[in-house]
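Me: I am new to this structure. Can you take me through it in short steps?

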Amino acid sequence: MDLDLFNEKQETYTAENVKTFVGIPNLPDNLNPLIAIADNMWWCWNSDAFELFRRMDMDMWEKTYHNPKAMIEALSQERLIELSQDDSFISHAERVKNALDRYLGMNTWYAQNCSDYANLKFAYFSTEFAVHESIPIYSGGLGVLSGDHLKSASDMGLPLV
């Protein structure tokens with residue numbers, strides 16, 4: 001066996017020689033609500049929001065494992081312009097964004113009953129969280145339970161971190 005194969009020089013990557021880039025799509029102004037919706041996991045349990053993203057491009061929706069952020073980044077500029085000129089789609093996006101705003105502005109159980117503790121945060125520790133299939137950080141029951149706890153905490157307005 002030729003040991004020289006295993007002794008080849010390996011290149012080392014350090015913080016100094018690795019650059020990170022984040023692609024931000026150039027969305028037409030009337031599609032900006034899509035970013036706010038995609039940035040909040042609320043879309044996972046809101047069927048109208050789920051359908052909004054699916055409607056953008058069904059094939060891309062499947063290819064990105066139902067991940068709206070990945071899909072928005074992957075869509076062509078031509079498709080984004082097309083969507084921005086579709087009155088029905090724009091109306092749908094506005095309806096979903098309004099529903100998200102209402103959800104975020106709700107007078108929740110925690111706000112009504114625990115106003116003395118408004119600045120308090122509750123730490124929730126779990127080894128996995130099944131929030132959505134597009135975020136594969138779970139393997140089974142514990143993850144599903146943790147994901148359900150997160151959704152319930154959100155609905156209650158509980159400041160869970």
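Me: How many helices and strands does the chain have?
Reply: The model is predicted. From the N terminus on, its elements run α-α-α-α-α-α-α-α. The count is eight helices and zero strands.

Me: What percentage of the residues in the chain is buried?
Reply: A residue counts as buried under 20% relative accessible area. The chain has 161 residues, and the buried share of them is 30%.

Me: Among contacts with a separation of 6 or more, what share joins residues 24 or more positions apart?
Reply: Contact means heavy atoms within 4.5 Å. Take the contacts in the chain with a separation of 6 or more. Residues 24 or more positions apart account for 59% of them.

Me: Is Y65 buried or exposed?
Reply: Y65 sits in the loop between α3 (58-63) and α4 (68-74). Its phi is near 55 degrees, a positive value in a residue other than glycine. The cut-off for exposed is over 50% relative accessible area. Y65 has 61%, so Y65 is exposed.

Me: Is H66 buried or exposed?
Reply: H66 also lies in the loop between α3 and α4. H66 is not a glycine, yet its phi is positive, about 60 degrees. Its relative accessibility is 14%, so H66 counts as buried.

Me: Which residues of α5 are buried, and where do they fall on the helix?
Reply: The buried residues of α5 are L80, L83 and S84. Seen down the axis of α5, they fall within an arc of 100 degrees, so they line one face of the helix.

Me: Which helices are among those that cover the buried residues of α5?
Reply: Stay with the buried residues of α5, which are L80, L83 and S84. Their cover includes α2 (47-56) and α6 (87-104).

Me: How far is the C-alpha atom of I81 from that of L27?
Reply: I81 is in helix α5, residues 77-84. Its relative accessible area is 39%, so I81 is partly exposed. I81 and L27 are 54 residues apart along the chain, but their C-alpha atoms are separated by 8.0 Å.

Me: Which residues is K97 in contact with, leaving aside its neighbours within four places in sequence?
Reply: K97 is placed in helix α6. Its relative accessible area is 19%, so K97 is buried. Leaving aside neighbours within four places in sequence, the contacts of K97 are P33, A36 and I37.

Me: Which residues is S146 in contact with, under that same rule on neighbours within four places?
Reply: S146 lies in helix α8, residues 141-156. S146 has 1% relative accessibility, so S146 counts as buried. With neighbours within four places in sequence left aside, S146 is in contact with Y124, S126, E128 and F129.

Me: How far apart are the C-alpha atoms of L160 and L120?
Reply: L160 belongs to the segment after α8. With a relative accessible area of 24%, L160 is partly exposed. Leaving aside neighbours within four places in sequence, L160 is in contact with F122, Y124, H149, L150 and A153. L160 and L120 are 40 residues apart along the chain, and their C-alpha atoms are separated by 9.1 Å.

Me: Which residues that line the largest pocket are closest to its centre?
Reply: About 230 Å³ of space lies in the largest pocket. Its lining has 13 residues, and the closest to its centre are N40, W45, Y103, L104 and S154.

Me: Which helix supplies the largest share of that lining?
Reply: α6 and α8 each supply at least two residues of the lining of the largest pocket. The largest share, three residues, comes from α8.

Technical notes: Residues are numbered from 1 along each chain as its sequence is written. This is a predicted model: local features need pLDDT of at least 70, side-chain atom pairs count only at pLDDT 80 or more; totals for chains, interfaces and linings use all residues. Side-chain values use heavy atoms; hydrogens and water are left out. Helices (H or I, at least four residues) and strands (E, at least two) are DSSP runs, numbered from the N terminus. Buried means under 20% relative accessible area, exposed over 50%, partly exposed in between (1.4 Å probe, protein chains only). The arc is that of the directions from the helix axis to the C-beta atoms. On a 1 Å grid over the protein atoms alone, a cavity is a set of points where a 1.4 Å probe fits but cannot get out, and a pocket is an open set with protein on both sides within 12 Å along at least five of seven lines; lining residues have an atom within 4 Å of a point. Grid points are joined across faces, edges and corners, and a volume is the space filled by probe spheres set on the points.
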